[in-house]
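Please keep the sequence and the structure in view while reading.

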Amino acid sequence: MKGMQEEFKEAFALFDKDKDGKLSLAEVGTALRAVGLAPTQADIKAIEKETGKNVFTLNDFVAVAQKKAAKPGPDVEDQIKEAFKILDRKNTGSIEVSELRHLLVSIGEKLTPEEVETVLKEADSNNDGKVSHQDFVRVLRAAKA
């Protein structure tokens with residue numbers, strides 16, 4: 001089994017497309033995501049502010065990745081709640097099934113039409129064309145498990 005440091009080195013090499021031994025700040029974010037870390041745009045800005053850099057060597061990247069890996073991320077429940085708040089623009093406590101369908105087919109790992117329909121049936125527990133906050137959390141927690 002590969003160690004984390006080896007994974008970080010492989011990610012660095014993968015995203016160092018011009019093979020100059022450096023990653024831009026945007027490439028650092030992408031490489032961190034590739035190793036399973038989930039930096040937000042705010043995290044990337046914080047990395048830039050903390051390091052004072054916008055170009056990173058392998059050693060710089062490994063140090064940033066190790067620090068990010070050691071820091072516990074936000075609770076999954078909190079992430080799901082934040083995502084729901086973004087979708088629930090009118091603050092009604094529910095979103096349209098069509099919005100959830102759009103998310104399922106356009107963001108992240110693409111689902112098959114059958115998988116989408118299964119998730120939507122599960123999420124629309126009242127069969128009213130809306131997904132409540134509780135159903136949204138339940139369905140997404142099940143998907144992450």
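## Basis and overall make-up

Contact means heavy atoms within 4.5 Å. In the protein chain, 55% of the contacts with a separation of 6 or more join residues 24 or more positions apart.

This is a predicted model, in which local features need pLDDT of at least 70, side-chain atom pairs count only at pLDDT 80 or more, and totals for chains, interfaces and linings use all residues. Residues are numbered from 1 along each chain as its sequence is written, and side-chain values use heavy atoms, with hydrogens and water left out.

The secondary structure comes to eight helices and four strands. Here helices (H or I, at least four residues) and strands (E, at least two) are DSSP runs, numbered from the N terminus. Read from the N terminus on, the order is α-β-α-α-β-α-α-β-α-α-β-α.

## Surface and burial

The protein chain has 145 residues, and 29% of them are buried. Buried means under 20% relative accessible area, exposed over 50%, and partly exposed in between (1.4 Å probe, protein chains only).

The protein chain exposes about 9,700 Å². Carbon and sulfur atoms supply 55% of that area. Accessible areas come from the Shrake-Rupley method with a 1.4 Å probe; for residues, only the protein chains shown count as cover.

## Two nonpolar cores

A nonpolar core is a set of buried Ala, Val, Leu, Ile, Met, Phe, Trp, Tyr and Cys residues joined through side-chain atoms within 4.5 Å. The largest one has 18 residues. Phe8, Leu23, Leu32, Ile47 and Phe61 have the most contacts inside it. The elements giving two or more residues to this core are helix 1 (4–15), helix 2 (25–34), helix 3 (41–51) and helix 4 (58–70).

A second, separate core has 14 residues. Among them are Ile80, Leu100, Leu104 and Val137.

What does Leu32 touch, not counting residues up to four places away in sequence? Its partners are Leu37, Pro39, Ile47, Phe61, Val64 and Ala65.

## Helix 2 and its partners

The axes of helix 2 and helix 4 come within 11 Å and cross at roughly 50 degrees. Axes are lines fitted to C-alpha atoms, for helices over the stretch in contact, and angles run from 0 to 180 degrees between N-to-C directions. Helix 2 and helix 4 are therefore oblique to each other. Angles under 35 degrees count as roughly parallel, over 145 as roughly antiparallel, 65 to 115 as roughly perpendicular and the rest as oblique. The crossing of helix 2 and helix 4 is right-handed. A crossing is left-handed if the near helix is turned anticlockwise from the far one by less than a right angle, and right-handed if clockwise. Val28, Ala31 and Leu32 of helix 2 make the contact with Phe61, Val64 and Ala65 of helix 4.

Helix 2 also packs against helix 3, their axes coming within 10 Å and crossing at roughly 125 degrees. This pair is therefore oblique as well. The crossing of helix 2 and helix 3 is right-handed. Leu25, Gly29, Leu32 and Arg33 of helix 2 meet Gln41, Ile44, Ile47 and Glu48 of helix 3.

The axes of helix 6 and helix 7 come within 10 Å and cross at roughly 145 degrees. Their crossing is right-handed. Val97, Leu100, Arg101, Leu104 and Val105 in helix 6 meet Val116, Glu117, Val119, Leu120 and Ala123 in helix 7.

Leu111 lies in the loop between helix 6 (97–106) and helix 7 (113–123). At 27% relative accessibility, Leu111 counts as partly exposed. Leaving aside neighbours within four places in sequence, Leu111 is in contact with Leu104 and Val116.

Lys19 sits in the loop between helix 1 and strand 1 (23–24). Phi of Lys19 is near 55 degrees, a positive value in a residue other than glycine. Lys19 counts as exposed, at 58% relative accessibility. Asn91 is placed in the loop between helix 5 (76–87) and strand 3 (94–96). Phi of Asn91 is near 55 degrees, again positive without being glycine. Asn91 counts as exposed, at 67% relative accessibility.

His133 belongs to helix 8 (residues 133–144). At 22% relative accessibility, His133 counts as partly exposed. The C-alpha atoms of His133 and Gly93 are separated by 5.7 Å, with the two residues 40 apart along the chain. Leaving aside neighbours within four places in sequence, His133 is in contact with Lys81, Phe84 and Gly93.
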